Amino acid sequence: MRPPADDALDHALMAAVGKHDGGAFARLVERHYGWALGFTDRMLGTRPEAEDLVQTAFLRVWQGAARWEPKAKFSTWLYRVLHNLCMDQFRARAAAASEPLDDALAERLADETPGSEERVSGQQRAAQVRAALAGLPVRQRAALVLCYYEELSQAEAAALLGVSEGALESLLSRGRATLRKWLRDDLQ
């Protein structure tokens, strides 16, 4: 899911949110919550953490709206906030030596009631892809999520990650190659 395209509306809403307009904030959240949750869920791999992180991001929007300057699209700014929060979450996971992401996914899938064989197969394949994606280095994962799931242009993704387009292409290439290898090995 991509962010909505109406930058002028987002700028007007942010100006209103900066004046503590709750209605404008609700409208801004409504416009951006879906894609923000999708991006964060793909980055973190767990829906509850993603939901918490997106709420934190929107809390930061509320708190920082008066200082926000429309130098870029609101969605680009929010992507950056979400990306930074994801990086903080990864550092916290590493520091706490928390449960690996693939184990959490396996647990979640084991708890689901299986439907048809096709559905189970699809869930298993999705879990394999998510686990493989989660196993990538964070910068490669972010590049792949931004370009393929969020459908940002390479220029937009590179700007968000603070790298050149050439460096982004390198991240994408290495990430795709690793995913192909891991997924091919899983299928054999």
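Predicted model: local features only at pLDDT ≥ 70, side-chain atom pairs only at ≥ 80, totals over all residues.
Start with the helix pair. Two packed helices are described by the angle between their axes and the distance between the axes. Here the helices are H1, residues 7–18, and H2, residues 22–44. Their axes come within 8 Å and cross at roughly 140°. Angles over 145 degrees would count as roughly antiparallel, so H1 and H2 are oblique to each other. The crossing of H1 and H2 is left-handed.

Which residues in H1 and H2 meet? On the H1 side they are Leu9, Asp10, Leu13, Met14, Ala16 and Val17. Their partners in H2 are Ala24, Phe25, Arg27, Leu28, Arg31 and His32. Sorted by kind, the residues of this contact between H1 and H2 comprise eight nonpolar, one polar and three charged.

Next comes helix H8, which spans residues 154–161. Within H8, Ala157, Ala158, Leu160 and Leu161 are buried. After H8 comes Gly162, which has a positive phi, near 70°.

Finally, look at the loop between helix H7 (138–149) and H8, where Glu150 is placed. Is Glu150 buried or exposed? Its relative accessibility is 0%, and buried means under 20%, so Glu150 counts as buried. Glu150 lies 114 residues from Ala36 in sequence, yet their C-alpha atoms are 9.5 Å apart in space.

Methods:
Residues numbered from 1 in each chain as written. Heavy atoms only, no water. Axes fitted to C-alpha atoms, helices over the stretch in contact; angles between N-to-C directions. Helix = DSSP H or I, 4+ residues; strand = E, 2+ residues; numbered from the N terminus. Parallel < 35°, antiparallel > 145°, perpendicular 65-115°, else oblique. Left-handed = near helix turned anticlockwise from the far one by under 90°. Contact = heavy atoms within 4.5 Å. Nonpolar A, V, L, I, M, F, W, Y, C, P; charged D, E, K, R; others polar. Buried < 20%, exposed > 50% of the residue type's maximum accessible area, 1.4 Å probe, protein only.
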